[in-house]
Protein chains: 2
Amino acid sequence: MTEPVVAPGRARGGRRDEILTTFTRHVAERGYDRANFGDVAAELGMSKGTIVHHFGTKDRMLAEVQERYMRRRLDEAHAFLGRLGAPDERVAAFVHAGVRYSTHEPATTVAFQREVVRLTDEPGMETARAQRDAYRDLVVAVLQDGVEAGVFVPGDARLRSLQMFGSLHWMWTWFDPAGRLRPEDVAAEFCRTLLRGLGVGEERVSAAADPAGSVARCVAEVCAPRS
Amino acid sequence: MTEPVVAPGRARGGRRDEILTTFTRHVAERGYDRANFGDVAAELGMSKGTIVHHFGTKDRMLAEVQERYMRRRLDEAHAFLGRLGAPDERVAAFVHAGVRYSTHEPATTVAFQREVVRLTDEPGMETARAQRDAYRDLVVAVLQDGVEAGVFVPGDARLRSLQMFGSLHWMWTWFDPAGRLRPEDVAAEFCRTLLRGLGVGEERVSAAADPAGSVARCVAEVCAPRS
DNA sequence: CTACTCTGCCCGTACGTGCGGTCAGTCCAC
DNA sequence: GTGGACTGACCGCACGTACGGGCAGAGTAG
């Protein structure tokens with residue numbers, strides 16, 4: 001009926017990736033509980049059984065979505081941390097990156113963010129949870145380093161990281177990638193308020209927040225569309 | 001079987017409030033989709049039919065939870081805005097109040113926050129959505145006033161409000177009211193970073209963030225446990 | 001080249017379960 | 001009698017997933 005988009009010689013992973021992509025979008029749009037095999041299968045013109053064949057259970061499917069997402073985020077974070085040294089620049093990079101995800105990978109980002117809570121509860125999510133914790137630890141370490149280096153005013157690094165993550169992870173509830181609000185502007189404003197709030201001087205704040213500045217450019221290069 | 005906790009002479013509204021409270025807790029713990037009539041009824045030792053009798057549908061039940069929650073938040077906000085005049089104090093009050101909810105009304109707060117997205121999608125949520133918008137507008141107005149009065153450095157009030165709400169609304173994913181992290185400390189740290197980020201001077205930042213200061217006390221009085 | 005087998009992708013169906021909601025009817029207060 | 005609170009049996013449906021089989025390409029022996 002629906003002719004195969006891939007070459008008839010069978011794609012490497014079959015339609016596995018296709019399934020995961022569609023499922024991710026459905027989770028982003030309706031949430032995990034409301035996303036179901038039937039709709040995904042119908043949209044792809046395949047049987048529900050095919051999905052089960054590839055992933056086993058719905059839980060495992062979500063776990064794989066989360067793990068793939070976090071792996072990319074971790075790789076990117078390590079990449080830009082390797083290029084940026086100053087704590088204020090590093091914090092700004094996390095903000096620029098966080099906003100960038102919402103635009104460049106809206107589906108996976110929303111799916112991840114609206115279902116984060118399952119990382120805590122559900123079994124089978126240990127890997128994804130560990131990845132998330134690792135990411136958070138990177139941010140906490142940067143905030144801590146900044147305080148010790150005297151770049152940031154003294155304060156609780158962990159609480160600050162939660163305050164920062166909150167702003168970014170909440171974006172899925174209001175940010176529309178197709179809207180007229182530009183992501184660079186969001187990132188810039190968030191950067192300015194946050195860095196100023198950490199006690200960084202106005203000149204360095206402006207430089208790090210600038211959408212055309214070196215920090216934003218570094219993040220853009222590192223987070224380039226993957227192969 | 002289970003003897004009625006209320007006086008045998010039948011409570012005022014019947015067991016309506018009891019049902020709503022238990023349902024709210026279930027939504028907070030499992031999310032709306034996983035919360036169901038059967039479990040609520042079993043926990044209260046009543047029939048599913050009773051719940052339907054009082055509320056009609058599950059949707060309406062959630063709508064009522066959200067509306068009740070937002071009405072209280074709006075009342076409180078108007079109350080402390082009436083007592084505080086300075087923009088920085090007002091912003092601090094919103095933060096103190098936001099953190100306070102997570103401790104004093106954990107169930108309703110978590111239920112509201114984890115299901116906010118339904119305010120946008122679902123029909124029947126118009127009232128709750130309007131209340132939420134009204135609350136947000138209060139914050140935006142305060143931020144805007146602060147900029148115009150020269151108390152805050154220039155910047156986008158709407159974006160700043162979203163940044164602020166994000167930090168507070170994300171709390172449900174990590175804050176444990178029974179944990180050893182004290183809510184006053186969270187509020188203080190959030191206040192300091194935010195106000196400093198808005199360009200407020202260090203002395204006023206400390207005063208407004210102080211858990212024992214006048215702003216925090218004002219919020220505590222206004223948000224006192226309701227009758 | 002041919003024939004056979006193996007293997008992995010995919011299909012369709014059927015089953016069990018959980019849940020929202022219906023309904024007829026009971027009990028009790030006024 | 002009237003009306004509201006409450007019950008418990010029941011319905012229909014949606015959804016996860018188990019299962020048996022079909023089918024095409026790869027490998028292999030002759």
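**The surface near the DNA**

Tutor: H3(A) gives the most to the surface near DNA strand C, with four residues. Helices here are DSSP runs of H or I with at least four residues, strands are runs of E with at least two, and both are numbered from the N terminus. The model is predicted: local features need pLDDT of at least 70, side-chain atom pairs count only at pLDDT 80 or more, and totals for chains, interfaces and linings use all residues. Side-chain values use heavy atoms, with hydrogens and water left out; residues are numbered from 1 along each chain as its sequence is written, while chains are lettered from A and ligands numbered from 1 in the order in which they are written.

Start with the neighbours. DNA strand C is surrounded by 16 residues, and the closest are A:Arg15, A:Ser47, A:Thr50, A:His54 and B:Lys58. By class, the surface holds four nonpolar, eight polar and four charged residues. Nonpolar covers Ala, Val, Leu, Ile, Met, Phe, Trp, Tyr, Cys and Pro; charged covers Asp, Glu, Lys and Arg; the others, Gly among them, are polar.

Now the phosphates. For the side chain of A:His53, the distance to a phosphate oxygen is 3.4 Å. B:Ala35 uses its backbone: an N or O atom there lies 3.2 Å from a phosphate oxygen. Two elements give two or more residues to this surface: H3 of chain A and helix H3 (48-55) of chain B.

Chain A is divided into domain 1 (16-55) and domain 2 (59-222), with bounds from an automatic or database domain assignment. Their contact takes 17 residues from domain 1 and 14 residues from domain 2, where contact means heavy atoms within 4.5 Å. The buried area is about 1,300 Å², with 64% from carbon and sulfur atoms. That area is the accessible area (1.4 Å probe) that two parts lose on being put together, summed over both. Three salt bridges are counted between the domains. One joins A:Arg118 to A:Asp33, with the closest N and O atoms 3.1 Å apart. The rule asks for a side-chain nitrogen of Lys or Arg within 4 Å of a carboxyl oxygen of Asp or Glu. On the domain 1 side, helix H1 (16-30) and helix H3 (48-55) of chain A each give two or more residues. H1(A) gives the most there, with 11 residues.

Last, the partner chain. In chain A, 34 residues are in contact with 34 residues of chain B. The two chains bury about 3,000 Å² between them, 61% of it on carbon and sulfur atoms. A:Leu159, A:Gln163 and A:Trp170 supply 24% of the area that chain A buries against chain B, more than any other three residues. Six salt bridges are found across this interface. A:Arg160 forms a salt bridge with B:Glu189, the closest N and O atoms being 3.1 Å apart.

Key
Near = heavy atom within 4 Å. Polar contact = N/O pair within 3.5 Å; in protein donor to acceptor, adjacent residues only side chain to side chain.
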